[in-house]
Amino acid sequence: MDTSKKRESNESDRESGSVGGGGKSAGVRKLAISNFRNVGITYDGDDKPAELVLNRSLEEGSLGDLVFLVGPNNSGKSNVLAALEAFWRGETEKKDVPDFTYRSYEPDIRMRVELGNGRNYEKLLCQNYAPTYNEYETENREEEILEGLKKERDRLKSEMDKLRVEELDEENFSILTRYLGLDLASMNTDDLYPIRWRFTSPKLKGIAERYITFREHEDARNKLDAVERKISEIEFDASLKTEKIGRQAPITGDDKPECSFLDSRIVTYSQKPVSDSDLSCEPESPTDFIKGILRIMGKDPDTLRNLYQRWDPKIQNAHLKKYARILNKELHEKITDLFNKMYHCKKGEEYRFEFEMQSDRTYFYLFRGDMSFDLSKQSTGFRWFFDFFFNFVFKEDLKPGDIVLMDEPATNIHVRGQIELRKFLKDLAVNNGFTFVISTHSPFLVSCDHLDELRLMVRDDGGRICIKNRFNSMDGDTLSPILDGLTVGRHILVGPKQKVIFTEGITDYNYLTAFKLLFSEEDPKYRLLVFLPVNGLGKEGDEKFRQGLLNTLSKMDRPTLLVDDDGAGKDFAEIAKGTNVTVVPLSEMSGKSGHVIESLFTAEDRKKFRIDDKSWNGSSVFKKSILSNSGSLSDTTKKRFRETLDRLLDV
């Protein structure tokens, strides 16, 4: 077996960065699965479990999300849902033990929470007795971190060499400040870039350019100092510690960790069909469905019985009609509008729900236009949606952190209904802190604007099922694994009029897509842009990787790749000459001489949203929250990204 591929397949997402602030721990929650049916099979116990990342942040306001399990038939999607059910139930069954290995292994399922502050906990599923809690340390990543820091150190030194200029003398600096009337020394480098356009004199413009370059050099030097301090700290710590990997004694009894996400409720959605008989009742015995409707509107289920007992039969009907009008008004405000929006009803074809209270019976009527109809005579898709909406969305007592499992939902709903369902579930999850884990084959529940929601089920060389949580780990065509899992063509996910822009990686994809979604609310033209990440441009001198990427891109129709203004970007642009691949440097699109996408954020926004952490998870959470949190972004950041998107539309 190719062990290098095996390790790649069992890739673990160790990042825990997130947007937010206030010193809160961001955190990651995941399920670790070993030897459960065909998922996470270990040979000789040396392999890592299959890990399903459930939440990329545990901060309030960033917790809820959608997780889609995507893969071909028999790839283990339903088995992952079953593992979550078994963990919540507290036991596995005989059928859960894998049967295709040469040795018998017992399933091992653990919920893990890495808080991002050095404290990590896990809860183990334990057969027939109370679960065990552990506090543990994550893998020793010092060597990996050191390697990354040293590469960053080399990059900054190279950048400083390119920016090296002699310091401006006092006379030239005074000329510049007098002309502008600004305290340049106190300004952020980002805010200096527009001043170059304020000069018509070549001499003054040249002085301004030299000053900006000088400041860029100073910024790079400050970053280099911080990196070198961090390298020294890690190397010093490593000299004092011989072992960092380890698991401490189990935490039991009163020492149970105060980490509620380990014990969050896991609920499996199963359809509970509503029949016509559920829509009417005698006042003394309301059906569960009608009780549920009353609860949604904040009414006590005994409301009906109390109403019918309150008045003399001679005047009862008038009071019942009056109360029915009150109920119907609240029904329209709290339920009907949301139902029509979620089901994506056309104007003039909306549904309406009304109570009618007669002297001996209460009815819940369904209307479309002015015509009432029987639920039993509607399409399978409508009945599925009706059941889900009334029997689950409003009924379950879900709390932040809870997990909802859905296996192949909405297969009978029309395309627009599925798209709207996905949007509704996303809003429901984000606004309430729920996590929906959904196995699906439907390309209409999957969106190119939300690739970070996907978890790909793949087989390694040994036939074992593994979980890919990160999209930039894929080589070749970004969409290939999704298209294979959904068994559809590319045109289903990307419309013929949309323009595809490839980005160097997932963070660039997340930031550009975030602003595309934000600006699309005001101007639909931005919906024409679709961003897709590739797996970087390779290491320095890795011409084989770049040529492979170029070959993949060149097979597509007029592909465009947005690259950073660094050596790798320039090298790729050079080898792409004469091909159908258009390589566009970021500076040409943004009008800003920054090397990376993060340079489009102001210094204040970079600090507020932890942009300089360059966190995979953080960029994903930023994209998820940007629509509801856009007011905290500066107008300058929005302006820079809007100008970049406008230029990309014209490429």
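The paragraphs below go through salt bridges in this predicted model.

Across the whole structure, a search finds 28 salt bridges. One of them pairs glutamate 59 with arginine 610, with 3.3 Å between the closest N and O atoms. This pair links distant parts of the chain, 551 residues apart. Glutamate 59 sits in the loop between β2 (50-55) and β3 (65-70), while arginine 610 sits in the loop between α18 (603-608) and α19 (616-629). Glutamate 59 counts as buried because its relative accessibility is 5%, under the 20% cut-off. Arginine 610, at 21% relative accessibility, counts as partly exposed.

A second bridge joins two helices. Arginine 546 forms a salt bridge with aspartate 571, and the closest N and O atoms are 3.3 Å apart. Arginine 546 belongs to helix α15 (residues 543-554) and aspartate 571 to helix α16 (residues 567-575), so the bridge ties together parts that are 25 residues apart in sequence. Arginine 546 has a relative accessibility of 2% and therefore counts as buried. Aspartate 571 is partly exposed, its relative accessible area being 36%.

Another pair consists of glutamate 354 and arginine 352, whose closest N and O atoms lie 2.9 Å apart in a salt bridge. Glutamate 354 counts as partly exposed at 27% relative accessibility, and arginine 352 counts as partly exposed at 28%.

Salt bridges also occur as a network. Lys30, Glu51, Asp108, Arg110, Arg112, Glu114 and Glu122 are linked to one another in this way.

Notes
Residues are numbered from 1 along each chain as its sequence is written. This is a predicted model: local features need pLDDT of at least 70, side-chain atom pairs count only at pLDDT 80 or more; totals for chains, interfaces and linings use all residues. Side-chain values use heavy atoms; hydrogens and water are left out. A salt bridge is a side-chain nitrogen of Lys or Arg within 4 Å of a carboxyl oxygen of Asp or Glu. Helices (H or I, at least four residues) and strands (E, at least two) are DSSP runs, numbered from the N terminus. Buried means under 20% relative accessible area, exposed over 50%, partly exposed in between (1.4 Å probe, protein chains only).
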